[in-house]
Amino acid sequence: NQALSLNYLALAWQELGNLKQANQAIDQSLALLDRTNDSSVRARTLNTQGKLFLALGQPEKAVHSWQAAEVAYRQSGDELGAIGT
């Protein structure tokens with residue numbers, strides 16, 4: 001739940017234009033997810049990270065995050081999420 005909350009916090013920080021804090025929240029979320037097998041939350045967090053990278057002007061990193069998100073969505077059995085990513 002904490003990793004998911006940090007993901008939502010990152011989205012909020014990004015909407016407010018505070019990309020540094022958004023990036024910190026994403027990093028914390030991914031660090032927590034490294035200790036779990038929750039592919040669904042990992043997929044959401046990687047998707048958010050891709051949006052953040054794009055906002056930071058790093059499209060190559062964004063694509064890599066979205067590709068990883070697609071894999072995580074598929075691992076969790078969420079084909080719609082994989083297609084959306």
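Mentor: L9 is partly exposed, because its relative accessible area is 38%. The model we are looking at is predicted.

Trainee: Where is the place of L9?

Mentor: L9 is in helix α1, which covers residues 2-15.

Trainee: How many residues apart are L9 and S29 in sequence, and how far in space?

Mentor: They are 20 residues apart in sequence, and their C-alpha atoms are 9.8 Å apart in space.

Trainee: What radius of gyration does the chain have, and what would a compact globule have?

Mentor: The chain has 12 Å, and a compact globule of 85 residues would have a value near 12 Å, so the two agree. Along the principal axes, the C-alpha trace spans about 35 × 25 × 15 Å.

Trainee: What share of the residues is buried?

Mentor: Buried residues are 35% of the 85 in the chain. As for the surface, the chain exposes about 5100 Å², with 52% of that supplied by carbon and sulfur atoms.

Trainee: Which residues have the most contacts inside the largest nonpolar core?

Mentor: Those are I26, L30, L33, V41 and Y73, in a core of 17 residues. Helices α1, α2 (19-33), α3 (39-55) and α4 (59-75) each supply at least two residues of this core.

Trainee: Which helix gives the most to this core?

Mentor: Helix α2 does, with five residues.

Trainee: And what does L30 touch?

Mentor: Leaving out residues up to four places away in sequence, L30 touches R42, T45, L46 and Q49.

Trainee: New topic: N47. Is N47 buried or exposed?

Mentor: N47 counts as buried, because its relative accessibility is 17% and the cut-off for buried is under 20%. N47 lies in helix α3.

Trainee: Which residues does N47 touch?

Mentor: With residues up to four places away in sequence not counted, N47 touches W66, A69, Y73 and T85. Y73 is also one of the residues with the most contacts inside the largest nonpolar core.

Trainee: What share of the contacts in the chain comes from residues 24 or more positions apart?

Mentor: Such pairs account for 42% of the contacts with a separation of 6 or more.

Trainee: Last one, charges. How far apart are the mean positions of the positive and negative charges?

Mentor: The chain has 7 positive and 8 negative charges, and their mean positions are 5 Å apart.

How values were computed: Residues numbered from 1 in each chain as written. Predicted model: local features only at pLDDT ≥ 70, side-chain atom pairs only at ≥ 80, totals over all residues. Heavy atoms only, no water. Rg over C-alpha atoms; globule rule 2.2 N^0.38 Å. Buried < 20%, exposed > 50% of the residue type's maximum accessible area, 1.4 Å probe, protein only. Contact = heavy atoms within 4.5 Å. Areas by Shrake-Rupley, 256 points an atom, 1.4 Å probe, with all protein chains shown as cover. Lys, Arg positive; Asp, Glu negative; His and termini not counted. Charge placed at Lys NZ, Arg CZ, Asp CG, Glu CD. Helix = DSSP H or I, 4+ residues; strand = E, 2+ residues; numbered from the N terminus. Core = buried A, V, L, I, M, F, W, Y, C linked by side-chain atoms within 4.5 Å.
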